[in-house]
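Please open the model in your viewer and keep the selection tool at hand; the stops below are meant to be followed in order.

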Amino acid sequence: ALWKWKVETWPSFRLGSIVWPSGMLLARALAEGLPGLPKVEGRRVVEIGAGPGLPALTAGLLDAAEVVITDKEDLVPLMD
């Protein structure tokens, strides 16, 4: 096999409750209309493994037609 998968979990470390720098950068890039990124206005957007969902929330503010935010069930309250 070419791929060896290892799944790690850290129950005491709340990965999904952190706004990661990559999420902040993507949200800012969407908001500022970074060349090369598609415009989200009028489009359907899905953020998978969103945690707090900053890029998805930004897409909503940018008039995306529909925004779906997903993550593990215990993290859904962070998205409210």
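Select Glu47 together with Ile69, its bridge partner in strand β2, in what is a predicted model, where local features need pLDDT of at least 70, side-chain atom pairs count only at pLDDT 80 or more, and totals for chains, interfaces and linings use all residues. Residues are numbered from 1 along each chain as its sequence is written, and side-chain values use heavy atoms, with hydrogens and water left out.

Strands here are DSSP runs of E with at least two residues, helices are runs of H or I with at least four, and both are numbered from the N terminus. On β1, Val45 and Glu47 lie on the covered face, whereas Arg44 and Val46 lie on the uncovered one.

Within α2, pick Thr58, which is buried at a relative accessible area of 12%, where buried means under 20%, exposed over 50% and partly exposed in between (1.4 Å probe, protein chains only). Not counting residues up to four places away in sequence, Thr58 touches Ala27, Leu30 and Ala31, a contact being heavy atoms within 4.5 Å.

Leu30 leads on to helix α1, where Gly23, Ala27, Ala29 and Leu30 are buried. Seen down the axis of α1, the buried residues fall within an arc of 165° and so line one face of the helix, the arc being that of the directions from the helix axis to the C-beta atoms. What covers these buried residues includes α2, while the face turned away carries the exposed Pro21, Leu25, Arg28 and Glu32. Just after α1, Gly33 takes a positive phi of about 65°.

Finally, select Leu30, Val40, Val45, Ala59 and Ala64, which form the largest nonpolar core, that is, a set of buried Ala, Val, Leu, Ile, Met, Phe, Trp, Tyr and Cys residues joined through side-chain atoms within 4.5 Å. Zooming out, the protein follows the pattern α-β-α-β along the sequence, and 24% of its 80 residues count as buried.

Conventions
Pairing = 2+ DSSP bridges.
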